[in-house]
Each structure stands twice: as structure tokens, then as C-alpha cells.
Amino acid sequence: MPGPMQRFSMHELEFDAREAAAAQAAILGGAWQGHGRVGRRVEEKLSAALGGGDALLTTSCTHAIEMAVALAGVEPGDEVIVPSYAFVSCANAVVQLGGVPVFADSEAKTLGLDAASVEAKITGRTKAVLVIDYAGLAADHRALRALCAKYDLFYIEDAAHGIGARQDGKALGTFGDAACFSFHATKNIACGEGGALWVGRGDRLALAEQMREKGTDRARFLHGLVDKYTWRTRGSSYVLSDILAAVLEVQLSRLDAVTKQRRALFEAYLARLQPKAAKLGLRLPVVPAGAEPNGHLMWAMLDGKRRDPALKALRAAGVDAAFHYLALHRSPYAQEHGFDRGALPMAEQAAATLLRLPLHSRLSVDDIKTICERFEDVLARI
Ligand SMILES: Cc1ncc(COP(=O)(O)O)c(C=O)c1O
């Protein structure tokens, strides 16, 4: 009699007694508020892991994106170019400030923003370009940064997927004027809900600190630089509690090991599926030259209309595969507000045909082999 079928979940974290002990120590030690001694220490460690710049811990990546768009100086009516194949926060952050999200298309190899599509959308109202390092593979920062320099635009890197990955020796999340990280439970390292804003421009750091502290100079007060703090700019309550920062500190100490394992699994997927991709009717990520991926997620686009039946069959076969983003320019909100300015073929194709396979550090290379066998079997049947 065969035993019960092994199930493979989409996400699992390396969370154990160490994270629990760190949270307990923070609580018992009175480190409860944000931007306390634990939070500041974690910010230093994160900045060091990124190779420089200033990282500010935030309550989420969504909030870091809101801060980054505000740092770009976006005012009502200003345009920000964002990918349509993206998380909703990328567009919402623009709308929150009265700005207009202008959707651009992605390129096929990494699903990063396509520079030609971006250039075609630049107008006199464009203030910034926001890009995603999808799946922990770098967008074409060289081309996109060059466009931003040419048109004097603020460059925002959404590195929600990017922690621990590098491109040409440089950490993802350090290519923008500002960059945003997520430590949400589905990311490579996490503290439940959390994020960070990385500020690459020293001239905007004080403003970022004020925005994070409800628009006040409380950070300078905490550092003993002023004897009172007051309202200086617009802002909100974006500071991560030291209790969660303590959990993140343990997670950061696991980053290298988690990245190594996830990268090995990502490469095992590619080594197995790439040679048969054409036969299986799959389009897979193409790792750019000079990339050191972090294995954040494994995606495949299926030809025809096979994605949804494949998801159903995979789940029945014990593999918790998932779709990902829907194209933002086709969303009800974008339609109602006139943000849909025509077809974006790659975003629409990814929304309709992309699926993600399980990838987390508790899987082994043998597990990837089993998942691929089940995936290939499903593809042969649908
Ligand atoms: C590319 C991208 N940016 C931003 C976010 C939002 O992250 P958070 O949940 O930390 O706000 C996500 C969420 O998964 C994401 O995929």
C-alpha cells in the first residue's frame, strides 16, 4: 500500500525557538516601540548587508513604497510609470498622493519593466519610474536608470522579492534613488508583516525619517539633536515595532543560508525544466548574465489556456502551485479611473498564463524533482 501523498506547500519560513526567544527578550527588556535600540541595530545590519546606504525599517513594503513615491516629490496630477504586472501597492502609493499611475509593459525574460515601453510613456508630467525585481531577478537597471538620468526622473526599486540577491556584484535594492523591501510572511526572510525603505540619496534621508515619524523630526529628537520635535512635512506612522525588529534580526542572521538553499532549488527547477521547455509548452525565467539569484520564486508561463486547469490538477496532485498578479491596467479601479491606456501584451500574458511552483528553504533538491515529475505529468494530461 502506498503511504499518504506528500504535499508541497508554497511558502514556509525558517522560524523556530530563536525567533520566539528574540521576541520574548524584546518584550521583557522593554523594547516595544519602534526605532529603539533593537530597531536601530537591525537597520545597521541591514544597511551593511546591502553594502551601504541607509535602511529604515517600516511596517510594510507597501508603506515603504508610499514613502518612496512621496520622496520623489509626487504632487497631485504628477505621473509615475509603474509596471502593470505588479503588486497593487505600486499603483496605490501613487494614487494616495493624487498622482496618476501610468502603466508600462514588462519584458519577457525576467518580467522586469521594459525600457522601450517606459520611454514611450514619459511626458512632461512624469516624476518617477518604479520598477520591480520580479522573482529576485534584477530588472534592466542599466537601461532604466539611463532613462531616468536623461529625463531627470526619480528611480524607485521595489525589491520586495530581492533581499539577498545580487546583480553584477551589487545587492538588489540598491539600484534606485530609493528602494523598498518586504518582510511579509511570504518573503525569503520575514517578521510577519514588515518592510524597509533603503535611501540611496543622502539629500533625502532626513525627509524620509520625518515621513516615517508622522511628518515630524522625532528621529532627531531621539538622537538628542533637538530638544523638542514638531510637524515638518507630510507623513504617517510607518515605524516598525522593536518586537518585530527583534524577530527580523534573527531572520537576517539566516539570510545567507536561506538564500543559498533557495538559489540551489531555483537552479534545480531550471536545470530540469529548461531543456524540455519547448516540448512542455513552457516559458521560464531567463537569468541575466551577472545575476546571483535568491530563489524568491519559480515561475512558468504555460501556452494556450492551460494555466488554470494546471493549477487545479497540481493542487489535486499535492503541489500548492499558485497564479500571481493580475494586470493592474485591467483592474476595475484602473478602468473606473481612466488608467487603462491600451494593451500591454506581456503583462496580460503573464496575468493569464503564469503559475508559481513551491519554493522555500525547507524543500530539498529531491523534492523539486518530485514536484517537476508531477508538473510534467499534469502538463501531459491537460
Ligand atoms: C512586488 C511587491 N511589492 C510590494 C509588496 C507588498 O509587500 P508588503 O506586504 O510588505 O506590503 C508585494 C507583496 O507581496 C510585492 O510582491
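Of the 14 residues around the ligand, those that come nearest are Thr 62, Asp 158, Ser 182, Lys 187 and Tyr 325; a residue counts as near if one of its heavy atoms lies within 4 Å of the molecule. The model is predicted, with local features requiring pLDDT of at least 70 and side-chain atom pairs pLDDT 80 or more, while totals for chains, interfaces and linings use all residues. Residues are numbered from 1 along each chain as its sequence is written, and side-chain values use heavy atoms, without hydrogens and water.

Polar contacts are pairs of N or O atoms within 3.5 Å. The side chain of Asp 158 places an N or O atom 2.6 Å from a nitrogen atom of the ligand. Oxygen atoms of the ligand lie 2.8 Å from an N or O atom in the side chain of Ser 182 and 2.7 Å from one in the side chain of Lys 187. The ligand taken alone exposes 400 Å², of which the protein buries 92% (Shrake-Rupley method, 1.4 Å probe).

The shell around the ligand comprises six nonpolar, six polar and two charged residues, with Gly counted as polar and Tyr as nonpolar. Helix H3 (residues 61–71) supplies the largest share of this shell, three residues.

The secondary structure of the protein comprises 15 helices and 13 strands (DSSP runs of at least four and at least two residues, respectively). The radius of gyration is 21 Å, close to the 21 Å that the globule rule gives for 382 residues, so the protein is as compact as a globular protein of that length; the radius is taken over C-alpha atoms, and the rule is 2.2 Å times the number of residues to the power 0.38.

Technical notes: A polar contact is a pair of N or O atoms within 3.5 Å; within protein, one must be able to donate a hydrogen and the other to accept it, and residues adjacent in sequence count only if both atoms are side-chain atoms.
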